[in-house]
Amino acid sequence: MPHSLLRADGRSVYQRHGGVRYATRAQLAMEQQMLTHAGAEDAPRLSRAQAAHALGADLARLEDALTGRAQHARGQRTQTGLREDQAAAALAVLTDGRRVSVINAPAGSGKTYVLAQVGNAWTTAGLGQVVGITASQSARNTLAAGIPVSYNAALFLGHLPGRRGARGPVETGSVPLLVIDEASMMPGPDLADLIAYATVRGGKVILAGDTSQLQAVGNGGGMSLLASQLGYARLSEPVRFRAAWEQAASLRLRDGDTTVLIEYDQHARIFGGDPEQMMDAAAAAYVALTASGTDTLLMTADHSLRRELSRRIRDDLMALGVVSGGRAVTITIADGTQAGPGDLIIATRNDHHVEAGEPGRTLANGDLLRIESVTAGGLVVRRALDADPATGQRQWTARTFLYPNYRHAELGYAVTDHVAQGRTVHTGLAVFTGTEDRPHALVALTRGTDANLAYVFTLSPKRADPVPGPRPAPERTRYDRLHPERPGDTGPATPPAPPGTPLGVLAQVLDHDGQQLSATQTRNQALSDADHLAVLNAIWTAETTPARHQHYRDLLAAALPPGYHAEPGYKDQWLWRTLRGAELVGQDPAHVLAVAIAERDLAGTRDVPGVVDARLRHRLGSLAPLPARPWSAQVPVITDPDRRAYLTEVAALMDARKDRIGEHAAERALPWAVTALGPVPKEPADRRKWQQRASSIGAYRELSGYDHPADPIGPEPATAAPETRAAWHEAAAALGRVDGPDVRSMPDGRLLHLRDTYPVETAWAPRYVGDELQQVRAAAWEARLAGLRAAVEAAAARQRGDHGTATSQHDLAASYQALHEVYKQRENVFAAVMADRDNWDAATRAQRHLAVAADAELRRRHPDQPYLPLRSAEPVAISDEQRGEIGKLITDLAAAHRTFAERLADRQSLTVPFPDPGYGDLSRRSRPGPGQAGMRSCSRRSQRSGHPRKYSNAPQTATPTGKPETDAARSNP
């Protein structure tokens, strides 16, 4: 490292402050020993035939499910009630012979039931005792329904407060099967001790959890480490959710796909506003739902926010008379909070001396309790059970019990995301401040079977106030608003937020991975990233750019006529960028500068670099870069020998990293590489070629940060990033020729014909009603809440003897219920039209994309030709006047739906021949074929030609849920 690149403390200027993380040797040694024990392959196992028989499944079908060859496996059940993906995962962990096996499963996929069936199979085979273990007592109680002999980890390992293992572990005998549920929540030391326990006794450990959800509060990452090192079986169907769209959406949410937020928003699951509004809206929704008996969970990531939400809800319930608030009947619980009959509280400590309403079931940390009465000996309470699966109503134990140690309990109206993990309810309500990360969002939006809603702060409560002077506190405004409403309150409606703002906040939350890694993973990641191409390229760019720019500056000065000089300015950077792009396409910078300057007289030019840059860009167009040379061959001339030697070393590291990317892709069969290049060849020569192509693709992915798991390279970068664009073209060349029509070889007449099909294909598009659908769904939700609230108000007034108010509130509830039904009917119509739009999009996508590609190719060939922009013939958006006549609009849309069904049936029966006989027919138009999907394959470069496919950046048409295209977007090639 040259001395000029070192800070005063001896660190490199390219090392980020605070970028080094530390771990103790003891922690690393513990994790290494855990990996050694876990990877041993001498654990007891079942034969595959024996396991399949015990699971009540056909072995061949399970083998196909494990290898991804199964057809129509979704929904299939074995004789033991397992889905085929569950049975396949159970088969894998029962037969692999490894000391530790991992099942990594998304929320709601039924992993606890899988563990129960795995335990049954182990017992049937006559092996050792099956013991269930969880991190918490509440999770243990859930697991015990399937595995009767279950413990929380602290109890099993014999921990006492401040003394690990003081009592010694529970003895299970030889060859035990330790089944650990919610394993991602298990602290690392406990996980290591459990694996060592099984190793000594010749047993086996099976972990089940979700590495994408929240992990242990302290010393987490153990399951993540084991899953990454050992591999895992995966469950694929999140069956918790009743709606099919939410099952698929939850998986995309788990992957951090921010586009899934559009799905949640269109189903009116996302509300946004300032913090006061959102807290009131979430609290009002909770009160309305729970007062009607619906099993509801209100979640937040922050303890202080949880306490504030609980306080607001309790105040509202006291005003409704659901909770008794007199001093004579209230007691003080944790944090000095008051609670009384009717209140919900949550236990914060295990108490094995209290039988919690059912024989053998003791009180657990996290149990939700309802206070029935207050006595001198404690609280008389009932414990919440799982919701009724048919109605979603919250259920309580039939027996009451005495809870003497209530002073550690807290109000249970709102919980943190850590407490919520593992719970299943009818409706989940989540409050987001914008500071959360993806695991918090995943937990908060996957608890409900029927609905999961997000209330998002669109203004940060921690933002500095730029306006001077005092103003009334928000609590005062809220008090003034609520108290006049309370006598006949119908619940505050969720206020509207600026369009897209809540989605933007949630997108930032999903982009923040936040997954806790073990110390070993963190170290390995740091070692892997030490020569990451993005890191090395940042150094390369910083070191080479000054020399290159000075070279361009000298060339420009030499090329300008006498009397002209280039004043330094920000447009200089534009010219240097254009010259760099010219170099990458094989042009001589000195020559292109001379030609551009000689093109016209510079007299009167005030900005010489800007004018020259404009001329160059017009002349160069969008030529494709030449194949890139190794970085070692691109080291520029630098006067400082130490820095030149350093840069030479960086270039060598970049070349070596690129080669290793290909080797790693071949060794691990990475999804993006297999998607792009096919399976890894077995022949050494073919494998080397495969690796070389994968290295080019992988190098672009690292340089650009493109990380789509399946799509190899995505769209072509803009010319504003010449190096990244050159890397993309190298990767595109490595992809090779792809199936599908190639517009580059078509004559102009055919291109014009294809271009003219665009208005034809868009003419029969159903109207876009996505905004109206979202609005009517939100209105239906608000009407439902208002109706439930009015019913509660009616009951409260009736209890007070205020029959007039009770009657008016009862009538109001009936009115809101009728309004809710009207909104649901409109929702059905709008949803049918949007489904039609999805079908239209699928039927016409290939032809529309081909028309756009033809338009872009024409513009590339004839840049001076004034082609009119492509015009869509889609129906115009719904106007305010049409919304005012909603009845007529609904009737017209229903008629259009019936007409479209006939048109689509006719269209799906057609086979359309393609004009180029070399490519065959486009076949049936209902769905694009493999070579036509989105026509994105047309954006890749052919190995036969060095010409770029300029239409790779052609704007895309409307997505299935997207809004109609704009002419401005379509006119950009």
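Buried residues are those with under 20% relative accessible area, exposed residues have over 50% and partly exposed residues lie in between, as computed with a 1.4 Å probe on protein chains only. The model shown is predicted, so that local features need pLDDT of at least 70 and side-chain atom pairs count only at pLDDT 80 or more, while totals for chains, interfaces and linings use all residues. Residues are numbered from 1 along each chain as its sequence is written, and side-chain values use heavy atoms, with hydrogens and water left out.

**View 1. Arg 548 in helix 19, and the protein chain around it.** Arg 548 has its place in helix 19, where helices (H or I, at least four residues) and strands (E, at least two) are DSSP runs numbered from the N terminus. With a relative accessibility of 16%, Arg 548 counts as buried. Setting aside residues up to four places away in sequence, Arg 548 touches Arg 580, Glu 583 and Glu 723, contact meaning heavy atoms within 4.5 Å. Ile 638 is 90 residues from Arg 548 along the chain, and the C-alpha atoms of the two are separated by 9.8 Å. In the protein chain, which has 32 helices and 23 strands, buried residues make up 48% of the 973 residues. Of the contacts between residues at least 6 apart in sequence, 73% join residues at least 24 apart.

**View 2. Asp 531 in the loop between helix 18 and helix 19.** Asp 531 lies in the loop that runs between helix 18 (519–529) and helix 19 (533–559), and this residue is buried, with a relative accessible area of 13%. When its neighbours within four places in sequence are left aside, Asp 531 is in contact with Leu 536, Arg 657 and Arg 660.

**View 3. Helix 9 and the elements that cover it.** Seven of the nine residues of helix 9 (residues 222–230) are buried, so this helix is largely enclosed by the rest of the structure. The buried residues are Gly 222, Met 223, Ser 224, Leu 225, Leu 226, Ala 227 and Leu 230, and what covers them includes helix 1 (25–39), strand 1 (100–104), helix 8 (188–200), strand 5 (204–209) and helix 18. Helix 9 is followed by Gly 231, which has a positive phi, near 85°.

**View 4. The crossing of helix 21 and helix 22.** The axes of helix 21 (residues 589–599) and helix 22 (residues 608–620) come within 9 Å and cross at roughly 110°, axes being lines fitted to C-alpha atoms over the stretch in contact, with angles that run from 0 to 180 degrees between N-to-C directions. The two helices are therefore roughly perpendicular to each other, since angles under 35 degrees count as roughly parallel, over 145 as roughly antiparallel, 65 to 115 as roughly perpendicular and the rest as oblique. Helix 21 contributes Val 592, Leu 593, Val 595, Ala 596, Ile 597 and Glu 599 to the contact, and helix 22 contributes Val 612, Arg 615, Leu 616 and Arg 619. These residues divide into seven nonpolar, no polar and three charged, where Ala, Val, Leu, Ile, Met, Phe, Trp, Tyr, Cys and Pro count as nonpolar, Asp, Glu, Lys and Arg as charged, and the others, Gly among them, as polar.
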